[in-house]
Amino acid sequence: MAAKLRSKFVCQNCGTSYAQWLGQCGQCKEWNTLVEEVVDRVEEKRGTPQRVKSRIPKPIAIDDIPAQDGPRIALSDRELSRVLGGGLVPGSITLLGGEPGIGKSTLLLQTALRNPQLKTLYVSGEESEHQVKMRAERLQADAPTGLRRPQDANCLVLTETNTQNIFKHIEALEPGLVVIDSVQTLHTAVLDASPGSVGQVRECTAELMRFAKTTGVPIVLIGHITKDGYIAGPKVLEHMVDCVLQFEGDRDHAFRLLRPLKNRFGSTNELGIYEMRGSGLAEVDDPSQVLTGRREDRPSGVVVAATMEGMRPLLIEVQALVSTAVYGTPQRSSTGFDLRRLNMLLAVMEKRCGFRLGQKDVFLNLAGGFRVEEPAIDLAVVCAVLSSNADIAVPMDACFAGEVGLTGEIRPVTRTEQRIAEAAKLGFARIFVPKGTKAVEPVKGIDVVQVGRVDEVLGHLFG
Ligand code: TYD
Ligand code: MG
């Protein structure tokens, strides 16, 4: 069959297509990102799933649209359920992104194995059946009782990368959930480009989306993340799917965070916390307990911050080490906290509070490999640095929440009540919050100290 071929040039960065090759993409201004892709026009028409009947939609009054808070598919994994907004929505398409080795395959295979009520088709384009089996055995080793075999019969593994073939299997099996590991390995016969290229990733996702919407089968896609933190392939992928979940964490630490970047069916303020164990990912119910690690001794430079991760209060230990610089230029290093912000806070301490830190090395570290972007952690960072600088320990019964401004003032933070409640729950006796925090209800067992400036806090702490 002589198919008519037409080629186009697609920017691998932003997905814009051009009729001819250019050195620079006119849209995103990146150089050398255009790659030729052949579009087979005849096949293109045939490739669309036949179930999609062209129906001309008519305008309809909003009151006449039946309210449909459709049933959700409950999952045994509470963290995943919550992050999705209360379970999986039928016909939805979710993208799970994350760096290699972070645990994406583990999370989804575990979901497949531990939800025996849900017939799952696990499509693996990256690993062989044996590799998937080995992982499954590991995950089953000490799975919570009640969620163990012999339900494996409901978890089917398929090593296939051609979308048309995958659709055939889905139609025959009628699973309740389809997992694709990963979207970068898929290819559709419609396009000639190689798997993983922008064109393929986008076209395969579009096919999967049409399929999910027409059949009502929820699909979860695994996507790789490039070095810059973007989901490899075009940005448009994120626009196409219903939910984008990011799986992140420090590979040297056991904690993993599951963060919704986009969710058409729920809030993006949720956060799931897991711990990677020898037998899979365990849900962490009380992360603050783990991250503040109550200790007997009281070293200087160790302070607990009351932060929020989305809607979830999270108490976390901040450690600082300040020492006299041995070489000319002092070193500043920070793990889990923005280095530029640390430099800014050091400048505030120097200029507004009169501490000589210019010739000091400053190292900062957050517990558990966590990264906190929230400015409310500032106050704890400042206290940790000053505590280490003076070599005086901060009382371990105190914790802190407050943003520090350029004049050394402490600025208000959001959701103070929740932070206070969490601190009280963990047995802290004092929490320092910004002055002017409106009518905080007294909470039993914890003293809420309102402070307006960094110097004031020091007065409270070091007398
Ligand atoms: P994996 O799910 O393969 O990551 P991804 O799919 O995101 O690339 O996870 C790989 C890492 O997880 C690997 O370094 C081993 C570790 N791991 C455990 O610690 N415990 C386990 O039970 C499993 C299955 C993996
Ligand atoms: Mg994987």
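**Cavities**

I counted two cavities of 30 Å³ or more. The rule I used works on a 1 Å grid over the protein atoms alone: a cavity is a set of points where a 1.4 Å probe fits but cannot get out, and lining residues have an atom within 4 Å of a point. Grid points are joined across faces, edges and corners, and a volume is the space filled by probe spheres set on the points.

For the record, this is a predicted model, in which local features need pLDDT of at least 70 and side-chain atom pairs count only at pLDDT 80 or more, while totals for chains, interfaces and linings use all residues. Residues are numbered from 1 along each chain as its sequence is written, chains are lettered from A and ligands numbered from 1 in the order in which they are written, and side-chain values use heavy atoms, with hydrogens and water left out.

I then looked at the largest cavity, which holds about 100 Å³ of space. Its lining has 13 residues, and Leu80, Leu84, Leu88, Leu108 and Val220 lie nearest its centre. Strand S4 (93-98), helix H3 (104-114) and strand S7 (177-181) each supply at least two lining residues. H3 gives the largest share, three residues. Helices (H or I, at least four residues) and strands (E, at least two) are DSSP runs numbered from the N terminus.

I took the largest pocket next and noted a volume of about 450 Å³. A pocket here is an open set with protein on both sides within 12 Å along at least five of seven lines. Of its 23 lining residues, Glu248, Gly249, Leu257, Arg259 and Arg371 are the closest to the centre. The elements that give two or more residues to this lining are strands S9 (243-248), S10 (255-263) and S13 (302-309).

**Whole chain**

I noted twelve helices and 21 strands in the chain. Buried residues come to 48% of the 463; buried means under 20% relative accessible area, exposed over 50%, and partly exposed in between (1.4 Å probe, protein chains only). Of the contacts with a separation of 6 or more, 67% join residues 24 or more positions apart. Contact means heavy atoms within 4.5 Å.

**Cores**

Which residues touch the most other members of the largest nonpolar core? I listed Val318, Val381, Val385, Phe400, Phe432 and Val457, out of 48 residues in that core. Helix H10 (378-390) gives the most to the core, with eight residues. Domain 2 (73-285) and domain 3 (292-462) both contribute, so the core lies between them. A nonpolar core is a set of buried Ala, Val, Leu, Ile, Met, Phe, Trp, Tyr and Cys residues joined through side-chain atoms within 4.5 Å, and the domain bounds come from an automatic or database assignment.

I checked Phe432 separately, leaving aside neighbours within four places in sequence. Its contacts are Leu379, Ala398, Cys399, Phe400, Ala401, Val449, Val451, Val457, His460 and Leu461. I also noted a second, separate core of 28 residues, which includes Leu109, Ala136, Leu139 and Phe247.

Helix H6 (198-215) has 18 residues and reaches 26 Å from its first C-alpha to its last, close to the 26 Å expected. The expected span is 1.5 Å times one less than the number of residues. Among the buried residues of H6 I noted Val198, Cys204, Leu208 and Phe211.

Gly15 is in the loop between strand S1 (5-11) and S2. I find Gly15 buried, with a relative accessible area of 7%. Gly15 touches Val10, Val198 and Arg202, not counting residues up to four places away in sequence. The C-alpha atoms of Gly15 and Gln27 are twelve residues apart along the chain and separated by 9.2 Å.

Where did I find a cis peptide bond? It joins Asp181 and Ser182, with omega about 0 degrees; Ser182 is in the loop between S7 and H6. Lys29, not a glycine, has a positive phi near 65 degrees and sits in the loop between strands S2 (17-18) and S3 (34-40). Arg415, also not a glycine, has a positive phi of about 45 degrees and lies in the loop between S19 and helix H11 (416-425).

Last, I looked up Arg411, in strand S19 (410-411). Arg411 is partly exposed, with a relative accessible area of 38%. Beyond four places in sequence, Arg411 is in contact with Gly402, Glu403, Gly405 and Pro434.
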